[in-house]
Amino acid sequence: MNSLSESCGIIGAVSLKGDDVLPHLYWGLLTLNHRGQQSYGFLTYSKRFHVFKELGLVADLDSKRLSLWSKRLPGNLGIAHVRYATSGSFSKKQMLIDAQPCIVGNDNGGIIALAYNGNIVNISPLRKELKLKGAYFHTSSDAEILAYEILYLTKLEDDLIEGIKQVMKNVDGAYSVVGITRDGTLFAFRDSYGIRPLVYGFDEVRKLLIIASESVALDVNDVPYNAPLRPGELILVKDFKIDLYALVKKEREALCAFEYAYFARPDSRLKNGLYVYEVRRELGRMLARRYSDIASRIDVIVPIPQTALDAAYGFHEETSKPIEPIIIRHRYVRHRAFIMSPEERALILSKKYNILINKAQGKSIALIDDSIVRGDTLKRIVAILRKAGAKEIHIFSTFPKIISPCFYGIDMASFHELIGFNRDEDEIAQILGADSVNYQTICDFCKAVGTRDLCLACVTGKYPTPYAQRLADKARNEIIKGHAVYGRLTEVFEG
């Protein structure tokens, strides 16, 4: 696929024994670095907030340096964050300012520190309302908007729990949150549809609670996996006591389906107890069964690394056709093709993969990809394979055809950039230079995951939140009228 930006990663930790949590935050955040590589930050609490933020990947620390960090960031509770930007400015200076966790408020009106994963859709009206209430914004990130909303609603309700409940009703979008108040209360919650993932675990022996975007952050800290936090649910840790509250309940959950196709690590569990790799392997089997006529004609299965590897193995299990690693990803070309000019994106994509061209000659290839968004990478790879003498190239996508933009934290901002928008499979195959393009059906995808309680807005055009639906409908109507609509729709129509 074309190197989509990943969804941010968050982690919160509390030691009820009073031990410092920085090492747990550090190791947990390392496991979540795949979710965001632009910046990272740690915040701990010991009567006051201690903060460290930096651009790039989470620092590689030896035990001596980690011990030094622990002295600078003391506290038995803390939060941490890895980020890629879906809102705000993208200069290096601004990205460091926007790095999370963020802190808002003052001693008179209260102070809240917050890290979150997601995207706010009704950000423009919220910003206007908050400015009228006296909010002064230091960043260009929607995390600050969310933090102020929590702060003001908590003050209005005179209660943190009721304040967060109102936030869930007022804020349209996707948000999984970990935060700390000025008095040392840690809180964590998901939006009422549970669009972005959040799981938690508790070690009874060490009295250690960890809340994170993915279960791998628990695994690395030897903390047992308990469960996903339910949509609209809140964890509150105060005075060494852990409480769980169900604040808002919707008719259904809408966990982002893209987590299973691309974002989450294969060794993570998001819901239903299934590891992500198990779902991806089944997606490969289903593609082979659904398109058995084409699958029977291919000579080799070629996965696009890394997230298509499990699906390719499932395809192999179903067809008994061999897997050939013809496409090798350059491990240390780490730049993601997001937040770049078209020229920069083209340069990075041209350097990202090495093709073993002598292995393709005369072969009918099943090219397995996790998804097809813009098609830039696939088009280039298909062209190289053609030049190398591939007889046939059939593309198989583990994810259904993407026809609508995402408002919830994935870098698919407009209709026009999506190769699947207003095109059928034959047209897409012609653009990519392939003999065929074969998408997973929505029905098969849901069967593999084990539930239909997913956000599938990018493949159906039906959004779980009302504000997002209005924006998408408005943009679609403008395009039907012949008007060009480029850029993030929240900024085009609300900015």
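Biologist: Which residues of H9 are buried?

Modeller: The buried residues of H9 are Val-276, Val-279, Arg-280, Glu-282, Leu-283, Gly-284, Met-286, Leu-287 and Ala-288. Buried means under 20% relative accessible area, exposed over 50%, partly exposed in between, with a 1.4 Å probe and protein chains only. Helices are DSSP runs of H or I with at least four residues, strands are E runs of at least two, and both are numbered from the N terminus.

Biologist: Before we go on, what are the ground rules?

Modeller: This is a predicted model: local features need pLDDT of at least 70, side-chain atom pairs count only at pLDDT 80 or more, and totals for chains, interfaces and linings use all residues. Residues are numbered from 1 along each chain as its sequence is written, and side-chain values use heavy atoms, without hydrogens and water.

Biologist: Ok. What covers the buried residues of H9?

Modeller: The cover includes H8, H10 (292–297), H11 (309–319), S19, S20 (436–439) and H15.

Biologist: You listed S19. Where does His-394 lie, and is His-394 buried or exposed?

Modeller: His-394 lies in S19, residues 392–397. His-394 counts as buried because its relative accessibility is 4%. Leaving aside neighbours within four places in sequence, its contacts (heavy atoms within 4.5 Å) include Ile-294, Arg-297, Leu-367 and Asp-435.

Biologist: Switching to cores. How many residues has the largest nonpolar one?

Modeller: The largest nonpolar core has 47 residues. Among those with the most contacts inside it are Phe-258, Tyr-260 and Phe-445. A nonpolar core is a set of buried Ala, Val, Leu, Ile, Met, Phe, Trp, Tyr and Cys residues joined through side-chain atoms within 4.5 Å.

Biologist: Which element gives the largest share?

Modeller: H17 does, with 6 residues. Apart from this core lies another, of 34 residues, including Tyr-148 and Val-248.

Biologist: Now cysteines. How many disulfides?

Modeller: The count is 0, taking a disulfide as a pair of cysteine sulfur atoms within 2.5 Å. For Cys-256, the nearest cysteine sulfur is that of Cys-406, 6.1 Å away.
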